[in-house]
Amino acid sequence: MIQIYHVPATRGVRPIWLCEELGLSYEILPVDFSPEYRASAEWRAMNPVGKVPVMIDTDANDLKIYESGAMVQYILDRYGEGRLQPTPGTAEHAIYLQWSWFAEATFARPLGEIVNHFREFPGDKTKEDVVEEMRDRARLSLDAIIPEIANKDYILGEQFSAADIMLGYTIMLCEKYLKETLPERIQPYWERLEARPAYRAAMGL
Ligand SMILES: N[C@@H](CCC(=O)N[C@@H](CS)C(=O)NCC(=O)O)C(=O)O
């Protein structure tokens with residue numbers, strides 16, 4: 001059984017969305033998201049940097065993973081039976097990996113900095129120029145996606161893949177943390193993703 005320690009609408013959405021797409025059973029274990037609990041010895045034993053999500057696979061010696069992208073890749077490789085990713089070692093798979101990593105390492109990073117900034121410098125201490133720089137970086141990542149989805153339904157082509165799950169979560173963050181609506185040319189892609197029953201289930205919608 002895959003267990004996901006999760007806080008609603010946070011990165012645990014990615015492995016949950018994937019389990020829903022693949023029809024795998026999983027269990028959600030709620031986590032107290034307060035800074036105090038995440039700094040506790042109990043939670044640091046689960047995740048040494050105090051973040052969520054954490055995944056345990058009880059069918060694999062209680063294997064524990066605490067990076068959402070690694071969870072997605074593990075679930076695909078162990079339980080996916082070839083679905084939702086190209087064949088490993090091919091050029092298509094390299095592009096799939098690129099977008100999966102891009103989603104978290106490049107695209108989500110400035111959005112995470114916005115969240116951190118508001119937490120560390122609330123109210124009058126907020127440095128608008130820092131936040132705006134992070135918004136610009138996120139906009140640049142959105143711009144990088146636009147030509148890729150111009151003539152296709154999903155990031156790899158006509159087939160939905162787990163790279164769309166990785167990107168979809170980050171686009172959802174843009175909706176929350178950029179002040180403006182998403183660029184018009186991203187909208188059809190995003191509407192396609194957010195309409196998926198598996199996404200809606202993972203978000204509790
Ligand atoms: N790269 C990690 C990022 C995890 C992460 O930043 N999680 C957020 C919630 S979505 C969190 O726990 N934030 C609390 C904090 O950073 O203090 C992943 O993809 O799992």
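View 1. A nitrogen atom of the ligand lies 2.7 Å from a polar side-chain atom of Glu 67. This is a predicted model, in which local features need pLDDT of at least 70 and side-chain atom pairs count only at pLDDT 80 or more, while totals for chains, interfaces and linings use all residues. Residues are numbered from 1 along each chain as its sequence is written, and side-chain values use heavy atoms, with hydrogens and water left out. Glu 104 also places a polar side-chain atom 2.8 Å from a nitrogen atom of the ligand. Val 52 uses its backbone: a polar atom there is 2.8 Å from a ligand nitrogen. Residues surrounding the ligand include Thr 10, Arg 11, Phe 33, Arg 38, Lys 51 and Tyr 169.

**View 2. The cis peptide at Pro 53.** Val 52 and Pro 53 are joined by a cis peptide bond, with omega about 5°. Pro 53 sits in the loop between helix H3 (41–46) and strand S3 (54–57). Helices (H or I, at least four residues) and strands (E, at least two) are DSSP runs, numbered from the N terminus. Both Val 52 and Pro 53 are among the residues around the ligand.

**View 3. The loop at Ala 9.** Ala 9 is not a glycine, yet its phi is positive, about 65°. The residue lies in the loop between strand S1 (2–6) and H1.

View 4. Domain 1 spans 2–79 and domain 2 spans 91–197; the bounds come from an automatic or database domain assignment. In contact (heavy atoms within 4.5 Å) are 13 residues of domain 1 and 20 residues of domain 2. The buried area between them is about 1300 Å², with 58% from carbon and sulfur atoms. Buried area is the accessible area (1.4 Å probe) that two parts lose on being put together, summed over both. On the domain 1 side, Arg 11, Arg 14 and Trp 17 lose the most area to domain 2, together 48% of what that side buries.

View 5. Three salt bridges cross between domain 1 and domain 2. The rule asks for a side-chain nitrogen of Lys or Arg within 4 Å of a carboxyl oxygen of Asp or Glu. Arg 196 and Glu 21 form a salt bridge through their side chains (2.7 Å, N to O). Helix H1 (13–22) and helix H4 (68–79) each supply at least two residues of the domain 1 side that touches domain 2. H1 gives the most, with five residues.

Notes:
Near = heavy atom within 4 Å. Polar contact = N/O pair within 3.5 Å; in protein donor to acceptor, adjacent residues only side chain to side chain.
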